[in-house]
Amino acid sequence: MRDISDRHKMQIMVHSKVALSKRPGFLGEFSFKDFAREQFFRRDIPNGEKFLSLVHTERHIRKVKKACEVKAHLAEMDLTPECYEIACLGVGTVILASEEGGFAIQCMTGHHAGRESAMGFNLFNSLAIAAQRLINQGKRVCIIDIDGHHGNGTQDIFYDTDQVLFCSIHQKDAFPGTGSEKEIGKGKGIGYTLNISLPKNSGDDVFIEALKKAIKKAVNFKPDIVGMYAGFDGYHADKLLELNYSLKGFYECGKIISQTFTQIFASLGGGYHQDLTKCIFAFVAGINQEEYPY
Ligand SMILES: [Zn+2]
C-alpha cells in the first residue's frame, strides 16, 4: 500500500511544447490543451534524445530523425521536423515520471515501437527506455500495459530477459495482431511475458478481473517499480477499439494498482476520443486514492 501523502501523489507532467501540440496521425483531432496549464508544466524535463540508444539502434534513431526532417510518412503519421523534438520531449517526460512517480503526457506514445521499428503512431518506445534505465540501475521493473492494443514493441524489446515482467491486457485480434496468450517469452525470458487478450465488449468487470490476474503475477515477480502504459483506447467511446471500459473502470484500475504497489509511474498510451482527459484524471485519482471525480 502506498503512503499517499502529498509528496507521494502522482503528478501529471507535460512539456509546454507537447501540451500545445496535436496528436499526429489520422485521428489527430485530440489536442492536449487541457494540460496547457502551469500546474502541469515541467521545465526540468531532461533531453530525451540522449536516452534513445538505451533501447533503439543508431540506425533507427537516424532513420526517424531523417524522416521527420524530410516530412516523410512513417508509422501511419505524416511527420514534420517538429515531430522529432516532440518525440524526444516525450521520452524525457517519461524518464522524469519514472524518477518521481509521475504521469507523463506525451504525444507519440510508444508501445508499438521496437528496437529498430516505428509503428502505429509510435517512433520511440519511451516506457521501454525508462524501464531499461531503471534496470541498468539494478531495479526489477514490471510493466503493466492497459492500452487496448497489444504492446508488441515493448514485448519484443524485453522478450528474452527476466529483468522485466511485461503484462499486456488488450483486445483480441485487434491491431497489431500479436499478443496471444501463447506468447510468454523466450530463453531466460520464458514466463516473463503475460498476455491477456479480451473479446470485444468486455467492459469493466472483465477488465478488472484481467488486471487482477496480471497483478497476481506481478506480485510474485516482486518488482521494485511498476511502470504503467496507460492507454485509454479501451474506453467505450473510442473510435479504434470496442473494449467498452468506462471512466469508473480506469479509476478502479488506478486504485487497485496503488493498493498493491508502492513505486508506480505512468506513461500515456493511446486514446482516440474526446474524453481522454477525463480518463487520465480518473486513473490518476484512483492511483492517488482520491474520490472518484465524475
Ligand atoms: Zn492503443
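User: In this predicted model, which residues is F283 in contact with, leaving aside its neighbours within four places in sequence?
Analyst: The model is predicted, and a contact here requires C-beta atoms that lie within 7 Å. Once the neighbours of F283 within four places in sequence are left aside, the residues in contact with F283 are A230, F250, Y251, C253 and G254.

User: Which residues touch the most other members of the largest nonpolar core?
Analyst: The largest nonpolar core holds 92 residues. Those that touch the most other members are I143 and F283.

User: Which helix gives the most to this core?
Analyst: The helix in question spans residues 81-100 and supplies 11 residues to the core. That helix is α3.

User: Is G90 buried or exposed?
Analyst: G90 lies in helix α3. A residue counts as buried if 20 or more other C-beta atoms lie within 10 Å of its own. G90 has 29 C-beta neighbours inside 10 Å, so its class is buried.

User: Which residues is G90 in contact with, leaving aside its neighbours within four places in sequence?
Analyst: G90 belongs to helix α3. With the neighbours within four places in sequence left aside, the contacts of G90 are V18, G48, Q106, C107, M108 and S126.

User: Are α7 and α8 roughly parallel or roughly antiparallel?
Analyst: The axes of α7 and helix α8 (residues 276-287) come within 6 Å of each other and cross at roughly 30 degrees. Angles under 35 degrees count as roughly parallel. The two helices, α7 and α8, are therefore roughly parallel.

User: How many nonpolar residues does the contact of α7 with α8 have?
Analyst: Residues of α7, including F250, Y251 and C253, meet residues of α8, among them A282, F283 and V284. By class, this contact has three polar residues, three charged residues and a nonpolar group that numbers 11.

User: Is the crossing of α6 past α7 left-handed or right-handed?
Analyst: Helix α6 (residues 203-221) packs with helix α7 (residues 247-260) at an angle of about 20 degrees, and their axes are 10 Å apart. That angle makes α6 roughly parallel to α7. The crossing is right-handed.

User: Which residues of α7 do D204, F207, I208, L211, I215 and V219 in α6 meet?
Analyst: The residues of the contact of α6 with α7 divide into seven nonpolar, two polar and three charged. On the α7 side, the residues are K248, G249, E252, C253, I256 and T260.

User: How many of the 11 residues of helix α4 are buried?
Analyst: Helix α4 spans residues 126-136 and is mostly covered. What covers its buried residues includes α3, β5, α5, β6, β8 and β9. Among the buried residues are S126, L127 and A128, and the number buried is eight.

User: Which residue with a positive phi follows α4?
Analyst: The phi of this residue is near 90 degrees. The residue is G138.

Note on methods. Residues numbered from 1 in each chain as written. Predicted model: local features only at pLDDT ≥ 70, side-chain atom pairs only at ≥ 80, totals over all residues. Axes fitted to C-alpha atoms, helices over the stretch in contact; angles between N-to-C directions. Helix = DSSP H or I, 4+ residues; strand = E, 2+ residues; numbered from the N terminus. Parallel < 35°, antiparallel > 145°, perpendicular 65-115°, else oblique. Left-handed = near helix turned anticlockwise from the far one by under 90°. Contact = placed C-beta atoms within 7 Å. Nonpolar A, V, L, I, M, F, W, Y, C, P; charged D, E, K, R; others polar. Core = buried A, V, L, I, M, F, W, Y, C linked by C-beta atoms within 7 Å. Buried ≥ 20, exposed ≤ 12 C-beta atoms within 10 Å, placed from the backbone.
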